[in-house]
Amino acid sequence: MSTQRINKFLPSQRPIGRVAIIGRPNVGKSTLINRIVGKQVAIVDARPGVTRDQKILTANWQGFDFEIIDTGGWLASGGTLEGKISDQAESAAKQADLIIFMTDVTVGITDEDQAVADMLRRFSMPVIQVVNKADSPARDLDAWEFLRLGFGEPLNISALHGRLTGDLLDRIVTELQKLHPDQTYSDHDSGTDETEEFEKELSKRTSFSVAIVGRPNVGKSTLFNRLIGDERSITHDQAGTTTDSVDTVVETEIGTLKFIDTAGMRRKSRIEGGTEYYSMVRTLRSIDEADVSLLVIDGTQGVTHQDQRLAERIDAAGSPVVVLLNKWDLLTTEEKLTVNDQVDDRLAYLSYAPVLRISALSGLGVTKLWRALSDSIVAYRNRIPTRELNVLLQQAQAKSAPRGSKILYGVQGATDPPTFTLFTTKELSTGYLRYLERQLRERFALGPTPIKLRVRRRSSR
Ligand code: GDP
Ligand code: GDP
């Protein structure tokens, strides 16, 4: 391991790759180069490039050297626009490992941008699309338009003010490392670094909070005690977010789980839960606080009206849920079939949720719970690549077009839960949104999490 590790504080011996910044005049290419090269690093090498007016500069970021082809002046020379763009892109294609395709958010997509995009698509090297002059976050919304150029989610930066230029540099170094991993690693051998190793290990683990909810007597405490009694878990208490609440933190093989407001469920400190109203308030609070809820239903009672209300409340909170049909040991075959039907029927809108049949008392089926919990949380934090999302949106529309509207493009604006914003010419019907949700779930295996679709109307250009 030690010979393979990267140390970001050690300067590299040789450049890890070469980058070209391509775009029409005035988008801000020189400004970006000045920021990257001029400010932080001496110009190690400024020899004339292969093409006239072209310089190759060396930049350094996080200890990695890389080269930038300064294409200044290419487009200023004579000839037709297509000719100039073609010259520029072709020359870059021959020399660069990675292309930064720059556009200008204050102007929008021009024919020249389109021509550059068409040209770049023919080459095989990776392209990072950058939308420049996004001087403030307010500009980011306008930047989504640039998705239409087909290079995925653009990075919105301000070369002039330095907004997100560090992120761009991170991406450049990451992309170049992917291209030449061997060279990068050998250049950065630096022995061991325990802290970094430890942090990496930690970041792999998940940590999330869980609410166990359900009507009185369904078996919540029995389940909870079984879960924390599991020999794979190490448990300790932690003061909850409200004064009298106690959370239980459990180390398990799927990560650190915090069970919210569990004082009333602990074996020794069992207190009878006060008025029903009070316990409902606590339940709702824990649902809002949780990353994932366990909805415990008493199988012998079937899915009741109150269970439905709770399910609705969890769904509205937007967090994933695992449905547990408890006391399964007490049910006859016929009763089991009835309860299964009730779940399909009465909890239909939670159709993404895993449903487990368990006996908290005997432990039957409970081990499956860990897996269901971790799947739910992974799904909840899922992010779909923008390019793939837009390919799917085009295909879904080709299969069945929305009536009177058109989806121009979409982005996943948020995770927890996955939330998609669709930019359309007109509103979409609820039926069509449901169709899209099915398509999304099918294609991306979104898993046991709710998802949200938002529609924003845009005039098409
Ligand atoms: P190039 O022709 O692509 O190299 O573009 P330049 O770097 O010469 O920039 C063209 C103009 O845009 C200059 O007036 C810059 O000051 C301006 N500019 C560049 N980057 C930004 C930016 O991030 N925000 C704003 N507001 N202006 C910028
Ligand atoms: P809570 O009020 O939801 O915390 O429910 P408890 O955990 O106190 O359980 C209520 C009653 O149901 C207790 O008598 C438990 O022993 C019983 N119980 C809980 N889970 C099961 C189960 O899976 N099977 C059976 N047969 N009884 C159970």
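Colleague: Which element gives the largest share of the lining of the second largest pocket, and how do you know that it is a helix?

Modeller: The largest share, six residues, comes from α14. Helices are DSSP runs of H or I with at least four residues, strands are runs of E with at least two, and both are numbered from the N terminus. The run of α14 is 430–444, and β17 (452–457) is the other element named as supplying at least two lining residues. This is a predicted model, in which local features need pLDDT of at least 70, side-chain atom pairs count only at pLDDT 80 or more, and totals for chains, interfaces and linings use all residues. Residues are numbered from 1 along each chain as its sequence is written, chains are lettered from A and ligands numbered from 1 in the order in which they are written, and side-chain values use heavy atoms, with hydrogens and water left out.

Colleague: What makes a residue part of the lining of this pocket?

Modeller: On a 1 Å grid over the protein atoms alone, a pocket is an open set of points with protein on both sides within 12 Å along at least five of seven lines, and a lining residue has an atom within 4 Å of a point. Among the residues that line the second largest pocket are Thr-430, Arg-434, Ile-451 and Lys-452. The volume is about 250 Å³, a volume being the space filled by probe spheres set on the points, which are joined across faces, edges and corners.

Colleague: What classes does the lining of the second largest pocket have?

Modeller: Ala, Val, Leu, Ile, Met, Phe, Trp, Tyr, Cys and Pro count as nonpolar, Asp, Glu, Lys and Arg as charged, and the others, Gly among them, as polar. The lining has three nonpolar, one polar and five charged residues.

Colleague: Why is the approach of Thr-31 to ligand 1 called a polar contact?

Modeller: A polar contact is a pair of N or O atoms within 3.5 Å; within protein, one must be able to donate a hydrogen and the other to accept it, and residues adjacent in sequence count only if both atoms are side-chain atoms. A polar side-chain atom of Thr-31 lies 2.6 Å from an oxygen atom of ligand 1, so the pair is within the limit. Ser-158 brings a polar side-chain atom to 3.0 Å from a ligand 1 oxygen, and for Leu-160 a backbone N or O atom lies 3.1 Å from one. The protein covers 71% of the 570 Å² of accessible area that ligand 1 has on its own, by the Shrake-Rupley method with a 1.4 Å probe.

Colleague: How many residues surround ligand 2, and what makes a residue near?

Modeller: A residue is near if one of its heavy atoms lies within 4 Å of the molecule. By this rule 16 residues surround ligand 2, and Asn-217 and Asp-329 are among the closest. Helix α8 (residues 220–229) gives the largest share of this shell, three residues. A backbone N or O atom of Lys-220 lies 2.8 Å from an oxygen atom of ligand 2.

Colleague: What is noted about the backbone of Asn-217?

Modeller: Phi of Asn-217 is near 75°, a positive value in a residue other than glycine. Asn-217 is found in the loop between β8 (207–213) and α8.

Definitions and conventions: 1 Å grid on protein atoms, 1.4 Å probe; cavity = no way out; pocket = protein on both sides within 12 Å on 5 of 7 lines; lining within 4 Å.
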